[in-house]
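I opened this model with a notebook beside me and jotted down what I looked up. Here are the entries, in the order I made them.

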Amino acid sequence: MLPLSLLNAAQNKPMLVELKNGETFNGHLVNCDNFMNITLREVYQTTADGERFWKLRECYIRGSTIKYLRVPDTLLDAVKEEQNRARDAGRNARGAHVSGGRGGRGAPARGGRGGRGGPPRGGRGRGRGA
């Protein structure tokens, strides 16, 4: 499962974010980008020692400072099932054709023209000139 696909599915869901410095943020995911920068709303921020906390309406967290993210287990299960369904649908759509032999782009399996479209063997090659 890819982390960014999981984060995209987690929009508007509650999550916990712990930073490398030990601070934690509990809130609902608003948005994320390809660098895993995230925006949370209705956030409770807690210090690393857990003694102080703040309630924030919204906050932005740079992806490179994140140690880990925690999302609901039900979301993990839903994303896994969705990816399995998409994979199975892709297999059924692509696996319909039957080819003889080694695959490729429709060229004869063997004995046709060589790999570069030239004569099979012996024509002008790389040898010393004649």
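**Entry 1: the core.** I began with the largest nonpolar core, which has 18 residues. By nonpolar core I mean a set of buried Ala, Val, Leu, Ile, Met, Phe, Trp, Tyr and Cys residues joined through side-chain atoms within 4.5 Å. Buried stands for under 20% relative accessible area, exposed for over 50%, and partly exposed for what lies in between (1.4 Å probe, protein chains only). M15, V17, F25, L29, I38, L40 and I61 have the most contacts inside this core. I then checked who contributes: helix 1 (3-9), strand 1, strand 2, strand 3, strand 4 and helix 2 (73-94) each supply at least two residues of the core. Helices (H or I, at least four residues) and strands (E, at least two) are DSSP runs, numbered from the N terminus.

**Entry 2: ground rules.** I am working with a predicted model, where local features need pLDDT of at least 70 and side-chain atom pairs count only at pLDDT 80 or more, while totals for chains, interfaces and linings use all residues. Residues are numbered from 1 along each chain as its sequence is written, and side-chain values use heavy atoms, with hydrogens and water left out.

Entry 3: What is L40 in contact with, once its neighbours within four places in sequence are set aside? I found M15, V17, F25, G27, H28, L29, V30, R57, E58, C59 and I61 on its list. Contact here means heavy atoms within 4.5 Å.

Entry 4: In which order do the five strands of the open sheet lie? I read 4-3-2-1-5, with antiparallel pairing. Strand 4 (53-61) and strand 5 are the edge strands, each pairing on one side only. Neighbouring strands of the sheet are turned by 30 degrees against each other on average, direction ignored. For such angles, axes are lines fitted to C-alpha atoms (for helices over the stretch in contact), and angles run from 0 to 180 degrees between N-to-C directions.

**Entry 5: strand by strand.** Two strands pair if DSSP finds at least two bridges between them. Strand 1 (residues 14-19) is antiparallel to strand 2 (residues 24-32), with five bridges, and M15 has G27 as its bridge partner there. Four residues lie between these two strands in their hairpin, where G22 takes a positive phi near 100 degrees. Strand 1 also runs antiparallel to strand 5 (residues 66-70), joined by four bridges; V17 stands opposite L69 in that pair. I then turned to strand 3 (residues 38-46), which eight bridges join to strand 4, again antiparallel. T46 faces F53 of strand 4.

**Entry 6: salt bridges.** How many salt bridges does a search of the whole structure find? I got five, counting a side-chain nitrogen of Lys or Arg within 4 Å of a carboxyl oxygen of Asp or Glu. One of them links R41 with E42, with the closest N and O atoms 3.1 Å apart. R41 counts as partly exposed at 26% relative accessibility, and E42 is partly exposed too, at 42%.

**Entry 7: along helix 2.** R85 and E82 meet in a salt bridge of 2.9 Å, N to O. Both lie in helix 2, three residues apart, about one turn of the helix. E82 is partly exposed, at 44%. R91 and D88 form another salt bridge, at 3.8 Å from N to O. Salt bridges that share partners join E81, E82 and R85 into one network.
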